[in-house]
Amino acid sequence: MGNLELNKGLKSIMIRSLVQIVRRPVYWTGFFIIPLFMFMFLTTMLDKGLPTRVPAAMVDRDGTSLSRDITQSLNGMQMVNLTHTPNSFSEARHLMQSGKVYGFFLIPENFQADLLAGRKPVITFYTNMTYFVPASMLFKTFKATAVYAKAGIAMNIVQSAGADAEALAPMMMPVNIASRGIGNPQLNYGIYIANSFVPCLLQLMIFLITAFSLGQEMKYGTSRRLMQMADGSVVKALFGKLFPQTVIWWVVAFFMTAWLYRYNHYPMNGSWGWMLLSEFMYVLACQGFAIFVVCVLPNLRLSLSVCALLGILSFSIAAFSFPVPSMYPAMRLFSYIVPVRYNFLIYADQALNGIDIAYSKMWFVGYIVFMLLPFTLLWRLKKDLKHPIYVP
């Protein structure tokens, strides 16, 4: 009889939670609209791997055959599209500041004459690093063009003096460089950005929805009814309240995994089973972290603010924007206080490198720690759910 009453109460709480999800548009937005839109946006934004034909300008103040050769070589690069040819530095700077180009290459006056006279003319190029990715691509291409132009000119001068071209090659480049992009040999920006930013976005939405659903109960005093339906058990109340959300998040996480690795064909050198297990545990870890925040701050506004702050900072402190080994030692600790860091490490181990699961077990333990974290303060959450006090 006791088990029947327990199951009946738990079922009633789950139905109540589902009704709230269906009736509130904010849940539909948080569960489906924002995550799915961002999943598709981030993966299609760089579907070609790298930005190509970035708009740029060429300021040719010399107008000689040599400067025209440099312009032709630069425009033939895959990353560059010379859409403008301004006549002055000021005009080129205005184009860059207005966003029409992301950088410009400047060849000074008397470039060829100064070069032949041995006066060492200076080639200058500018990029707008406000737009980091396209500007970085332009900077790399501009620099390569300048280096190749310098080497080509030196070769022509030495050849004109009677030297052999084949003998000059080892002198111009004594060491050949072979680059190997391990895990991402195509240097595909989409593989890096989508596999880090998409799970981080999912974490942010789980944080917000979990904190919102619990905070709403305390704000409007409906948590008393929730605890009555749970017969005073905070564990039962949380399970019945959040399990329907967990199932929805599992579906979204499964779609995310299939979208990244099956539809977009991102590298999957490990086991699908371990990656799916990671995503399912990741959902529970994110919910556990959000519940812990609500336990510490049983206020809708404050808990949402903390979850939003940590969710946004995760894009930086979880080492997506800056590598952990290069951080200050005190800052490195902060990268491990959010679940998405462990998700990224498991992804790197299993999907990218395909190593044995034994090397990733510590990161799965990290998930478990986040799941158990709320149990340290459930006694406080139970008191706040039974006797909610709304503080604006």
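Helices (H or I, at least four residues) and strands (E, at least two) are taken here as DSSP runs and numbered from the N terminus. The structure is a predicted model, in which local features need pLDDT of at least 70 and side-chain atom pairs count only at pLDDT 80 or more, while totals for chains, interfaces and linings use all residues. Residues are numbered from 1 along each chain as its sequence is written, and side-chain values use heavy atoms, with hydrogens and water left out.

Ile355 sits in the loop that lies between α14 (339–352) and α15 (361–372). With a relative accessibility of 32%, Ile355 counts as partly exposed; buried means under 20% relative accessible area, exposed over 50%, and partly exposed in between (1.4 Å probe, protein chains only). Apart from its neighbours within four places in sequence, Ile355 is in contact (heavy atoms within 4.5 Å) with Asp349 and Gln350. Ile123 is 232 residues away from Ile355 along the chain, and the C-alpha atoms of the two are separated by 47 Å.

The next element to look at is the sheet. Four strands form an open sheet in the order β2-β1-β3-β4, and the pairing is mixed; two strands pair if DSSP finds at least two bridges between them. The edges are taken by β2 and β4 (124–127), each with a single partner strand, so one side of each has no neighbour in the sheet. From one strand to the next, the twist averages 30 degrees, where axes are lines fitted to C-alpha atoms, for helices over the stretch in contact, and angles run from 0 to 180 degrees between N-to-C directions.

Strand β1 (residues 54–60) is largely enclosed by the rest of the structure, because five of its seven residues are buried. β1 runs parallel to strand β2 (residues 80–84), and four bridges join them; here Ala57 stands opposite His84 in β2. By contrast, β3 and β4 run antiparallel, joined by four bridges, and Phe104 has Tyr126 in β4 as its bridge partner.

Two helices accompany the strands. α3 lies across β1, β2 and β3, at about 120 degrees to β2. Helix α4 (residues 89–97) packs on the sheet and touches β1, β2, β3 and β4, its direction making about 170 degrees with that of β3.

Aromatic rings complete the picture. The structure holds 31 aromatic pairs, with rings of Phe, Tyr and Trp (its six-membered ring) paired if their centres lie within 6.5 Å; planes under 30 degrees apart count as stacked, over 60 as edge-to-face and the rest as tilted. The rings of Phe31 and Trp249 have centres 4.7 Å apart and planes at 55 degrees, so this pair is tilted. Phe31 belongs to helix α2 (residues 25–45) and Trp249 to helix α10 (residues 234–263), so that the pair links parts of the chain 218 residues apart. Phe31 is buried, at 0% relative accessibility, and Trp249 is buried at 0% as well. Ring pairs also link Tyr27, Trp28, Phe31, Phe32, Phe212 and Trp249 into a cluster.
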